[in-house]
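Welcome! Here is a friendly briefing on the structure shown below, starting with a single residue and then widening out.

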Amino acid sequence: MSKKKSKRKARKKESGTFGTVLMLFGCFLVVLFIGWYMMVGHLDGETYHGVVELPLKESYANPVYALALLHWVIGIPSVIVFLILMVRESQNEFMPTCFYSVPIFLMSLGFTIQYMVLLIKVDADSLWWVYVAAAVLGFLIANLLIYLDKSKLHTVLFGLGAVLFVLSWILLVMANSADGHYIITYKNKLRGSFSIKILVGTFQSMGIMVFLSMYGFLLKLRLGREE
């Protein structure tokens, strides 16, 4: 009787694990799809009731298409490796976290690419490069400060997030009107420049928050292993 009960428990555990794996795989696919759609959603031209949105400049569009392909090439294997580690019940928390963080990082990158596409389509290329320079420089300085004082991890990342958040909105305000350059519709009505900038800016803010939260969690795990 005890053997039969143990076999039943094992089967229930296997079926439960299989269901969890399928559910997580589906959730990560949704995350990857959102990131991919944000990247490519406005690369091509579009026409709506006489308003024409031109395709993104080829010099920018080609690299974005390449990124969109890498998005899946990197994302899917990362999810699969994470699920394998989860099923095997890896005792090393850092490694599974590294793999399941990849789709989340890719989604936040998708939000940033969408932000880039808007700025370029309203002829604000220079503002985009200002944001990139500030983000890269800020990220390097933040990591240096964390390396010098690990106890300030959350403070430094919060400060970086606040700076990028404010800067992203300032650049959107400075950019030209999105009317006639970027088409977003809601209930069969064309959204105006203000609504478009609010929507894209909100997604970009979410991307900043998601990226830095996940990065901070990874750093905390990494630093915890070294202590």
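**A first look: Ser78**

Let's begin with Ser78, which sits in helix α2. Is Ser78 buried or exposed? Its relative accessibility is 8%, so Ser78 counts as buried. Setting aside neighbours within four places in sequence, Ser78 touches Phe99 and Val102. Keep in mind as you read that this is a predicted model.

**The overall plan**

- The chain contains 6 helices and 4 strands.
- Reading from the N terminus, the order of elements is α-β-β-α-α-α-α-β-β-α.
- Of the 227 residues in the chain, 38% are buried.
- Among contacts between residues at least 6 apart in sequence, 78% join residues at least 24 apart.

**How confident is the prediction?**

- The mean pLDDT of the chain is 86, with 89% of residues reaching 70 or more.
- Which helix has the lowest confidence in the chain, and which has the highest? Helix α1 (residues 2-40) is lowest, with a mean of 73, while helix α5 (residues 153-174) is highest, at 93.

**Salt bridges**

- Side chains of opposite charge can pair when their charged atoms come close.
- How many salt bridges are counted here? The count comes to 2 salt bridges.
- One of them joins Glu53 and Lys121, whose closest N and O atoms are 2.6 Å apart. Glu53 belongs to strand β2 (residues 51-53) and Lys121 to helix α3 (residues 94-121), so this pair ties together parts that are 68 residues apart in sequence. Both Glu53 and Lys121 are buried.
- Lys57 forms a salt bridge with Asp125, and here the closest N and O atoms are 3.0 Å apart. Asp125 is in helix α4 (residues 125-148), while Lys57 is in a loop between β2 and α2, so the pair ties together parts that are 68 residues apart in sequence.
- Lys57 is partly exposed, with a relative accessible area of 37%, whereas Asp125, at 15% relative accessibility, counts as buried.

**Helix α4 up close**

- Helix α4 has 24 residues and reaches 35 Å from its first C-alpha to its last, close to the expected 34 Å.
- Which residues of α4 are buried? They are Asp125, Leu127, Trp128, Tyr131, Gly138, Ala142 and Ile146.

**Aromatic pairs**

- The count of aromatic pairs comes to 13.
- One of them is the edge-to-face pair of Phe82 and Tyr100, at 5.2 Å centre to centre with 65° between the planes. Phe82 lies in helix α2 and Tyr100 in helix α3, so the pair ties together parts that are 18 residues apart in sequence. Phe82 is buried, with a relative accessible area of 9%, but Tyr100 is partly exposed at 23%.
- Phe139 and Tyr215 make a tilted pair, at 5.0 Å centre to centre with 50° between the planes. Because Phe139 is in helix α4 and Tyr215 in helix α6 (residues 193-226), the pair ties together parts that are 76 residues apart in sequence. Phe139 is partly exposed, with a relative accessible area of 25%, while Tyr215, at 17% relative accessibility, counts as buried.
- Ring pairs also link Phe33, Trp36, Tyr37 and Trp72 into a cluster.

Methods:
Residues numbered from 1 in each chain as written. Predicted model: local features only at pLDDT ≥ 70, side-chain atom pairs only at ≥ 80, totals over all residues. Heavy atoms only, no water. Helix = DSSP H or I, 4+ residues; strand = E, 2+ residues; numbered from the N terminus. Buried < 20%, exposed > 50% of the residue type's maximum accessible area, 1.4 Å probe, protein only. Contact = heavy atoms within 4.5 Å. Salt bridge = Lys/Arg side-chain N within 4 Å of Asp/Glu carboxyl O. Expected span 1.5 Å × (residues − 1). pLDDT = per-residue confidence, 0-100. Phe/Tyr/Trp six-rings, centres within 6.5 Å; stacked < 30°, edge-to-face > 60°.
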